[in-house]
Structures are given as C-alpha cells and as structure tokens.
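Trainee: Please walk me through this one, I have not looked at it before.
Mentor: Here it is.

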Amino acid sequence: MAGAWIDQFADAPDVLKKTPDEITVIRAGGVAIGGGEFVTMAGPCSVESEHPLMETAERVAAAGARILRGGAFKPRSSPYAFQGLGLEGLKLLAQARARTGLAVVTEVMAAADAPMVAEYADILQIGSRSMENYALLEAAAKTGRPILLKRGMVATVADLLRSAQCIVSHGNPNVMLCERGIRTFETSTRNTFDVAAIVVLKEISKLPVIADPSHAAGRRSLVPALARSAVAAGADGMIVEVHPDPQRAWSDGEQSLTFAEFGTMMADLAPWCELRAGCNYALEAVS
Ligand code: PEP
Ligand code: MN
C-alpha cells in the first residue's frame, strides 16, 4: 500500500520484524536480554570512586539487578564539569563485576575509545547526544559487544531505528533500543517519557527495548511509577540510576534512588513483571 504508516521505517529493514513473533535475544555477561525476563540495569550516573561503586554493585545485585551501570566517560552540558574517570572508571567497573557477577554497561563517547571500553564492558552504551554520531556507531559495532542505543533527545522512532540499522549494517545485530525521554514543551519533568514509543518499538522491531525512567523523570520520586509504566508497556528491561548518597552524587543526584528506594521499587515491581509475561505484540495492525 503506497504511503503506508510503516513506510517511514523503510531505511531500517534489518531491525524490523519479518514475522509477528520474531525477537532478538541478546546475551551479555551471562544475562539474556529480550528473552522474557525483565532485566534491570542499575548503578550510579558516574563512576566516582572504589568504595561507593562496590557498595552500590552489591546492593543493587542483592535487590535483583542483573547489570551494573556507571559512566566512566560522561557527556556533560559544560566542558568544565566532571568528565568521568576514564580508564580508571572502567577498571573499577570490571572490579565490581568480578566481585558481584553483575554484567557491566558503560558509555563510549569517542570512536577511538571503543576498543578500550569494549575490553572492560559487557555492553557499550551510546548516549542520547551521540545517537547520530555514525562514526562512533560504526566503531562500537565493530567491537562485537552488544550495544545499548539511547534515543536522541529530539529523535523520532524512525531516527532511532535508522541508527540501530547503522549498527546492524556494520555487522553487529545485538542492539538494544533505549527510550529515555524526549524534549517537548513540558517542563514538569526533565524529559517527556514517551511510553508509546516503547509500545511502537515492541510492535515493529525485533530488538529488545529498555526504558530509562531516571533520565526521563529527572526527579527520584517519579522513577518507580515510570518504571511500572515501562513494564506495563512491554519493555524488556530498564536502566536506573542508584547512588549511596544521592545528595552528594557528582552527576544526576536528583534523579538517583537511594538503596532503600531501589529495593522497594524492585520488590513492588515483581507482580507487575509477572503480569507482563502474558503480553504479546502482534504485527497484525501494521500493514
Ligand atoms: C546517562 O546514562 O547517564 C546519560 C548521560 O544518559 P543520556 O545519554 O540518556 O542522557
Ligand atoms: Mn545520568
């Protein structure tokens, strides 16, 4: 049918479902993502120092997280703000993995750093500000590590899928799509959580979909409810910021959960995750 709605995704053929139940299950550090279990990635916005990171890793693992997050390279609004610990941060993440068994996801910001980040991380995160940095996408793809691709702040679903296609075209089929909120006229939240995008992505794409309630919300009080809505929308997992002392966090403290808040959220989410097991996404509506 000419001009069909689905045509806007025509530049991303390899990430679209060919049959209604086609899915991609991604294995990273012993965790299967997209295979039915709702997978939680948790940790600080930035890797700060050894003791808080080890403590955070232990606490989030005990509460049910499977993957440790933490930026060693940080995209910041100001070039004079903390830019991350770099290699030292990567080594701390690897140390936390050895201690807890959690897999590690961390951001890569420069194409030249991709091989080094891939040496330490199980999953490479491409940040929102980098979604259209195609040289970076190529370098990250070529490491062979699974990629967590965050939606750009002003990117449409089609834009996100085109960037995912770029990674797949460079020989890496293991891409997770991350909805982290977009820029709109709304100012009561840091970004506008586009929960419908999660539903659309699950409907048309075979790739796992991960929600980021922390960057969408901008305030910790909103995070548990956004996480619930992500589960209900059918996301395959979430990435959440947790810090031992959010007031003192070097970045994104306002949206970071305490250990207690994270534990409560995870316990409260369990029945929602069970309900989600019954969801399925038919492509029948797409023609
Ligand atoms: C982050 O995960 O800390 C981050 C900077 O996210 P985003 O790229 O979505 O802003
Ligand atoms: Mn952050």
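Mentor: Helices here are DSSP runs of H or I with at least four residues, strands are DSSP runs of E with at least two, and both are numbered from the N terminus. This is a predicted model, where local features need pLDDT of at least 70, side-chain atom pairs count only at pLDDT 80 or more, and totals for chains, interfaces and linings use all residues. Residues are numbered from 1 along each chain as its sequence is written, chains are lettered from A and ligands numbered from 1 in the order in which they are written, and side-chain values use heavy atoms, with hydrogens and water left out.

Trainee: OK, helix 4. What is it followed by?
Mentor: G144 follows helix 4, and the phi of G144 is positive, near 85°.

Trainee: And which residues of helix 4 are buried?
Mentor: L136, L137, A139, A140 and A141 are buried in helix 4, which spans residues 134-142. Buried means under 20% relative accessible area, exposed means over 50%, and partly exposed is in between (1.4 Å probe, protein chains only).

Trainee: What do they pack against?
Mentor: The buried residues of helix 4 pack against helix 3 (114-120), strand 6 (123-126), strand 7 (147-150) and helix 5 (157-169). Contact means heavy atoms within 4.5 Å.

Trainee: Now the metal. Which protein donors does the manganese ion have?
Mentor: For the manganese ion (ligand 2) they are C45 (SG), H215 (NE2), E241 (OE) and D252 (OD), at 2.0 to 2.4 Å. Donors are N, O and S atoms within 2.8 Å of the metal (3.2 Å for Na, K and Ca), and sites may look incomplete since water is not among the atoms.

Trainee: How are the donor residues spaced in sequence?
Mentor: The pattern is C-x169-H-x25-E-x10-D.

Trainee: H215, buried or exposed?
Mentor: H215 has a relative accessible area of 8%, so it is buried. D252 has 22%, so it is partly exposed.

Trainee: Different topic. At what angle do helix 8 and helix 9 pack?
Mentor: About 15°, with their axes 9 Å apart. Axes are lines fitted to C-alpha atoms, for helices over the stretch in contact, and angles run from 0 to 180 degrees between N-to-C directions. Helix 8 and helix 9 are therefore roughly parallel. Angles under 35 degrees count as that, over 145 as roughly antiparallel, 65 to 115 as roughly perpendicular and the rest as oblique.

Trainee: Which residues of helix 8 and helix 9 meet?
Mentor: On the helix 8 side there are V223, P224, A227, R228 and V231, and on the helix 9 side M265, L269, W272, C273 and R276.

Trainee: Tell me about R228.
Mentor: R228 sits in helix 8 (residues 223-233). Its relative accessibility is 29%, so R228 counts as partly exposed. Leaving out residues up to four places away in sequence, R228 touches L269 and W272. The C-alpha atoms of R228 and G253 are 21 Å apart, and 25 residues separate them along the chain.

Trainee: Back to packing. How far apart are the axes of helix 1 and helix 2?
Mentor: They are 9 Å apart, and helix 1 (residues 50-62) packs on helix 2 (residues 87-100) at about 40°. That makes helix 1 oblique to helix 2. The contact is made by E50, L53, M54, A57 and E58 of helix 1 with L92, L93, Q95, A96, R99 and T100 of helix 2.
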